[in-house]
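Here is a short briefing on one protein structure. Look over the sequence and the model before reading on.

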Amino acid sequence: MFLSKVPLLLRNLAVGVAQQESRCSNIFVRKYLQNESSATFSASAAQQDSIKEQLLAINTGAPDKLYTKIEVEVRGNDPAVLKSYGEFASMAANHLKIKIGKNIAPYKGIHERWTVLKSAHVHKKHRVQYEIRTYYRYLDFLKLTGSTADTFLEYLQRNLPEGVAMKVTKIEIEKLPESIAAMCNT
């Protein structure tokens, strides 16, 4: 009986109406949700108080970190993939109104070559050469808060193409230690 009512319940939750089944199987009680904390209408009063305390603790936490610059180094084997990923990261930053410092790639990648003998002991003239090419792209994002940086970097990492590695360096703004600040004031 309850499984037939699941689509109705999901549709109503999407528009902000919750239904709670009463003691009679044919009657539903509708409650309109005013905010996210009242979504726990089936919880007891003690549970609702603990949830409200948790929400307040989240909202009144420590101040957010500030970053002057976040440097992202992306490396891979195909320069076209890195170029398209750089454009993707720039578009995502523009949509979030994040300032972009640079989006550049060095002209030449790093080429590593190895020469190996074909056979183990004889035929020294017969060799095989292997080569790995690694290309880089550097992205800088300026003046970010900690929460925005974490969310943005997680988004970039989840959309990272296959065969591409990412290295992130964060430059944080910190308050001067009291001893140095006292020397500067005098």
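The notes below cover the core, the aromatic rings, the salt bridges, the surface and the backbone.

This is a predicted model: local features need pLDDT of at least 70, side-chain atom pairs count only at pLDDT 80 or more, and totals for chains, interfaces and linings use all residues. Residues are numbered from 1 along each chain as its sequence is written, and side-chain values use heavy atoms, with hydrogens and water left out. Helices (H or I, at least four residues) and strands (E, at least two) are DSSP runs, numbered from the N terminus.

**Nonpolar core**

- The largest nonpolar core holds 19 residues. Such a core is a set of buried Ala, Val, Leu, Ile, Met, Phe, Trp, Tyr and Cys residues joined through side-chain atoms within 4.5 Å.
- Ile70, Val72, Val74, Phe141, Phe152 and Leu156 have the most contacts inside this core.
- Two or more core residues come from each of β3 (66-76), α3 (79-95), β6 and α4 (146-158). Helix α3 gives the largest share, 5 residues.
- Phenylalanine 141 touches residues that include Ile70, Val72, Phe152 and Leu156, leaving aside residues up to four places away in sequence. Contact here means heavy atoms within 4.5 Å.
- In soluble globular proteins, nonpolar side chains tend to be buried together.

**Aromatic rings**

- The whole structure has 4 aromatic pairs. Rings of Phe, Tyr and Trp (its six-membered ring) pair if their centres lie within 6.5 Å; planes under 30 degrees apart count as stacked, over 60 as edge-to-face and the rest as tilted.
- Tyrosine 85 and phenylalanine 88 form a tilted pair, 5.9 Å centre to centre with 35° between the planes. Both lie in helix α3, 3 residues apart, about one turn of the helix.
- Tyrosine 85 is buried at 4% relative accessible area, while phenylalanine 88 is partly exposed at 24%. Buried means under 20% relative accessible area, exposed over 50%, and partly exposed in between (1.4 Å probe, protein chains only).
- The rings of phenylalanine 88 and tyrosine 155 have centres 5.7 Å apart and planes at 35°, so this pair is tilted. Phenylalanine 88 is in helix α3 and tyrosine 155 in helix α4, so the pair ties together parts that are 67 residues apart in sequence.
- Tyrosine 155 is partly exposed, at 41% relative accessibility.
- Tyr85, Phe88 and Tyr155 form one aromatic cluster.

**Salt bridges**

- The structure holds 7 salt bridges. A salt bridge is a side-chain nitrogen of Lys or Arg within 4 Å of a carboxyl oxygen of Asp or Glu.
- Lysine 69 and aspartate 140 meet in one of them, at 4.0 Å, N to O. This pair links distant parts of the chain: lysine 69 is in strand β3 and aspartate 140 in strand β6, 71 residues apart.
- Aspartate 140 is buried at 7% relative accessibility, whereas lysine 69 is partly exposed at 25%.
- Arginine 113 and glutamate 131 also meet in a salt bridge, at 2.6 Å, N to O. Arginine 113 lies in strand β5 and glutamate 131 in strand β6, so the pair ties together parts that are 18 residues apart in sequence.
- Arginine 113 is exposed at 58% relative accessibility, and glutamate 131 is partly exposed at 34%.
- Glutamate 131 forms a salt bridge with arginine 133 too, with the closest N and O atoms 2.5 Å apart.
- Salt bridges that share partners join Lys69, Glu71 and Asp140 into one network.

**Surface patch**

- Trp114, Val116, Tyr130 and Ile132 make a nonpolar surface patch of about 390 Å². Patches are made of residues with over 30% relative accessible area and no salt bridge: like charges are joined within 9 Å, nonpolar side chains (Val, Leu, Ile, Met, Phe, Trp, Tyr) within 5 Å.
- Accessible areas come from the Shrake-Rupley method with a 1.4 Å probe; for residues, only the protein chains shown count as cover.
- Strands β5 (110-117) and β6 (127-145) each supply at least two residues of the patch.
- Valine 116 lies in strand β5 and is partly exposed, at 39% relative accessible area.

**Backbone and loops**

- Lysine 97 is not a glycine, yet has a positive phi of about 60°. Lysine 97 lies in the loop between α3 and β4 (99-104) and is exposed, at 76% relative accessibility.
- Lysine 143 also has a positive phi, about 55°. Lysine 143 is in strand β6 and is exposed at 64%.
- Most residues other than glycine have a negative phi.
- Alanine 105 lies in the loop between β4 and β5. Alanine 105 and tyrosine 136 are 31 residues apart in sequence and 5.9 Å apart in space, C-alpha to C-alpha.
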